[in-house]
Amino acid sequence: MANNCLVAIVGQPNVGKSSLFNRLTKSRTAIVTDAPGTTRDRQYGQSEWNGQTFSVVDTGGWVDNSDDVFEGEINKQVEIAIDEADVILFMVDVQAGLGDLDISVAQLLRQTAKPVLLVANKADNFNMEIYAAEFYKLGLGDPIAISAINGSGTGDLMDLLVAKLPQKIESDTDALEYPRIAIVGRPNAGKSSLINAFLGEDRHIVTDIAGTTRDSIYTHYNKYGHEFSLVDTAGIRKRGKVNEDLEYYSVLRSIRAIENSDVCVLMLDATKGIEGQDLNIFSIIQKNKKGLIVCVNKWDLIEEKSQKVMNSYITAIRERLAPFTDFPILFISALEKQRILKVLDLAQEIFDKRKKRIPTAKLNSTLLPIIEKTPPPANKGKYIKIKYVTMLPKTTVPSFVFFCNLPQWIKEPYKRFLENKIRENWDFSGTPINILIRDKN
């Protein structure tokens with residue numbers, strides 16, 4: 001099964017990239033309008049087809065209406081997609097026809113060995129599909145006529161797409177007994193400084209282990225009494241092709257690092273607080289169900305370091321990242337090497353919690369009385385009875401199954417209630433947990 005693979009959607013504005021993103025991810029995350037350049041932030045989601053899962057990123061909008069900047073920005077993002085993605089979907093518009101920007105993008109894509117699928121969008125009826133033939137001129141193979149809006153042709157596109165995904169390579173990392181740590185965050189938050197502080201001048205690198213996708217590298221360290229593996233991030237390997245600080249590049253690298261990690265260290269800049277891109281990266285961590293430590297870096301630059309100031313930071317962070325708030329927050333200085341060993345201690349603790357198992361008898365004796373006191377809300381006069389709970393064995397994320405008579409009527413607010421009660425009784429700080437409701441008559 002292919003997994004941890006990245007698919008990038010590229011093309012000029014208003015060809016329907018966001019509509020296709022929404023269809024592939026079965027979401028309405030990306031805002032869709034007729035105005036070019038609507039997408040401002042990078043949109044990220046996950047898709048599944050015929051049992052194969054992969055990540056999708058919508059390259060999105062261009063912030064300047066100058067034609068010259070248009071072309072330059074599109075080319076930059078295509079270069080990054082070529083550098084980072086496993087498969088590239090190049091979208092064109094059959095209704096608008098072949099344009100200069102399409103030709104410019106195609107010139108870049110013809111130079112890559114990465115698989116490229118030419119997607120001719122807005123073929124909203126059979127008559128429009130004929131116009132897709134014009135795009136043979138681009139030299140990128142057969143145009144695949146689709147309508148992202150009504151879905152026609154998208155099934156064939158998905159079949160071709162999953163056939164192009166690189167297959168999972170079994171590796172020694174699948175059975176690692178030590179945590180794979182990813183240091184992630186927006187540009188200039190201090191990722192490289194923290195990685196350099198971990199490595200030091202006298203670093204003991206055991207080996208670089210090829211991971212489960214073609215581009216993932218795990219750098220294995222045995223230091224400070226810890227054995228851990230740093231997932232390849234922008235701070236470890238430098239890429240010469242593109243500007244390291246480009247937001248799009250940063251997000252693509254974060255997706256790679258997060259998906260191939262066990263525990264993520266999200267770096268925030270104490271001098272700037274929590275910003276939009278931090279929330280984007282946090283959402284990627286959440287969607288991938290990874291362990292989380294939030295590090296407020298550059299704490300040495302804050303003049304007043306009282307407990308009151310720290311508490312105000314903590315409150316602001318938890319409010320912005322709600323409803324998931326059960327994670328540790330550290331105040332560090334990567335440059336001054338303040339409290340960096342605590343990051344490794346917590347990463348190990350969270351890694352161990354992800355493997356923790358609670359006996360069924362203990363779960364039921366603790367949770368059933370709580371559930372009886374606060375049962376799920378009745379629906380249409382019928383009462384929901386949760387009969388017992390158990391924990392699934394051998395899962396990468398702690399997963400609890402609640403068996404009841406009417407599982408379809410237990411909604412998200414009550415699932416959050418159940419999760420909170422589990423967290424109140426057992427320490428799962430820093431790790432997500434799954435709440436599953438199953439039928440048991």
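A salt bridge here is a side-chain nitrogen of Lys or Arg within 4 Å of a carboxyl oxygen of Asp or Glu. The model is a predicted one, and a search of the whole structure finds 10 salt bridges.

Select Asp-326 and Arg-423 to begin. Their side chains form a salt bridge, with N to O at 3.0 Å. This pair links distant parts of the chain, 97 residues apart: Asp-326 is in the loop between helix 9 (307–321) and strand 13 (329–331), while Arg-423 belongs to helix 12 (residues 412–425). Asp-326 is partly exposed at 23% relative accessibility, whereas Arg-423 is buried, its relative accessible area being 13%.

Next, select Lys-353 and Asp-427. The closest N and O atoms of this salt bridge are 3.3 Å apart. Lys-353 lies in helix 10 (residues 340–353) and Asp-427 in the loop between helix 12 and strand 16 (434–439), so the pair ties together parts that are 74 residues apart in sequence. Is Lys-353 buried or exposed? With a relative accessible area of 11%, Lys-353 counts as buried, because the cut-off for that class is under 20%. Asp-427, at 44%, is partly exposed.

Return to helix 12 and select Lys-421 and Glu-424, both of which lie in this helix, 3 residues apart, about one turn. A salt bridge joins Glu-424 to Lys-421, with 3.3 Å between the closest N and O atoms. Glu-424 is exposed, at 57% relative accessible area.

Finally, select Arg-186, Glu-275 and Asp-278. Salt bridges with shared partners join these residues into one network.

Key. Residues are numbered from 1 along each chain as its sequence is written. This is a predicted model: local features need pLDDT of at least 70, side-chain atom pairs count only at pLDDT 80 or more; totals for chains, interfaces and linings use all residues. Side-chain values use heavy atoms; hydrogens and water are left out. Helices (H or I, at least four residues) and strands (E, at least two) are DSSP runs, numbered from the N terminus. Buried means under 20% relative accessible area, exposed over 50%, partly exposed in between (1.4 Å probe, protein chains only).
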